[in-house]
Amino acid sequence: MIELKQVGKKYGSKRALNDVTLLIPRGKVIGLVGENGSGKSTLLKLMAGLLTPNTGSATFDGQLITRRIAARVAYMSDTDDFYTYFTVQQLVDFYVSQFEDFDVVKAKEILQFLNVSLHSKIKSLSKGNRGRVKIAVTLAREADIYLLDEPFSGLDPMVRDDIAKGLIRYTDSERQTVIMSTHEIREVEPLLDDIIVMRGGVVIAHESVDEIRDFYGMDATSWMVSLFKDQKERELGK
Amino acid sequence: MSIDFLPDKPIYQQLIDRILGDIMRGTLATGEKLPSVREYAVEVGVNANTMQRVYKELEQMEITETRRGQGSFVTEDQEKIIALRNEMKEQLVTTFLQSVAAFGFTTDEIVQCLQERGGEID
């Protein structure tokens with residue numbers, strides 16, 4: 001379980017997160033949505049132990065989150081940062097050397113499921129196949145939490161579908177938690193249990209997808225639009 | 001991603017309806033094994049937790065049964081399926097009649113129209 005208590009984060013004088021309090025239980029698939037610059041990536045990096053809060057606290061199972069949490073959390077960045085001269089096989093070997101929980105058999109199975117050859121060089125892969133490799137090596141870790149920064153962004157529908165199916169197939173939603181930032185809410189909604197909405201460094205809503213449909217009678221996309229409208233009206237009314 | 005869901009109803013309910021439809025039409029036969037939760041979730045592109053809930057509710061409705069270590073099966077009890085058909089029929093007709101009344105149609109008008117057009121969808 002991840003717990004954030006009144007977390008604040010600044011980059012220089014720029015405030016990226018403001019008073020964020022969140023409780024993320026085990027075994028949920030959570031979508032993190034919000035405009036660019038709303039703090040999604042910062043929040044993910046904080047949970048991954050890549051950033052430390054300026055104020056408040058971030059804990060995982062009661063332990064303060066530090067860089068060492070990387071042993072239990074699989075973080076997938078939104079940038080391409082593989083060594084391009086590696087082959088896929090060498091990349092897998094590299095992951096084996098870095099992460100104790102990396103499962104080679106699972107990695108090969110996922111890569112096969114996604115139709116990526118182990119012999120290809122990273123630099124010769126298409127953008128879509130680099131996206132597939134990225135998700136494959138991330139999911140091949142037996143982590144407690146997967147933090148995915150924009151796993152679908154900039155990829156064609158076939159790759160997005162592959163990634164979605166890989167996520168369903170290769171994570172165990174009973175004991176593993178997945179948190180992913182995304183702009184493709186309409187498409188991603190069927191994959192989610194909960195949605196966290198951010199705006200200007202603040203968490204403005206945290207709801208279950210079933211609840212949104214049951215209670216508000218609309219899908220997550222329309223709900224989000226109405227949420228933003230309400231917020232703007234409130235700001236103007238001030 | 002693989003099937004389109006209506007926006008105003010929880011996804012798990014839409015999946016329950018889909019499976020009930022398959023059972024009532026006979027696409028899923030009595031006693032037939034359902035795919036595993038994970039397999040079916042991957043096939044339709046939904047979260048495995050959602051699919052787990054679908055299977056749990058179908059079991060609570062006694063339309064399916066879980067056999068330990070073997071998976072979920074459509075009930076072999078024909079009575080249960082007949083009861084389900086009747087219940088769904090009643091529900092459908094109730095909703096329909098409410099709209100009929102709201103628009104001020106007479107029952108005769110509607111019955112006639114149904115008889116004329118009944119063969120269209122088969």
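Thr64(B) lies opposite Val74(B) of strand E2(B). The structure is a predicted model, in which local features require pLDDT of at least 70 and side-chain atom pairs count only at pLDDT 80 or more, while totals for chains, interfaces and linings use all residues. Residues are numbered from 1 along each chain as its sequence is written, and chains are lettered from A and ligands numbered from 1 in the order in which they are written.

Strands E1 (residues 64-67) and E2 (residues 71-74) of chain B run antiparallel and are joined by four bridges; strands pair if DSSP finds at least two bridges between them. Helices (H or I, at least four residues) and strands (E, at least two) are DSSP runs numbered from the N terminus. E1(B) and E2(B) form a hairpin with three residues between them, and Gly69(B) in the turn has a positive phi of about 75 degrees.

Helices H1 (residues 11-25) and H4 (residues 78-102) of chain B pack at about 115 degrees with axes 10 Å apart. Axes are lines fitted to C-alpha atoms, for helices over the stretch in contact, and angles between N-to-C directions run from 0 to 180 degrees. Leu20(B), Ile23(B) and Met24(B) of H1(B) meet Ile81(B), Leu84(B), Arg85(B) and Met88(B) of H4(B), contact meaning C-beta atoms, placed from the backbone, within 7 Å.

The contact between the chains takes 16 residues from chain B and 20 residues from chain A. On the side of chain B that touches chain A, H2(B) gives the most, with three residues.

Note on methods
Contact = placed C-beta atoms within 7 Å.
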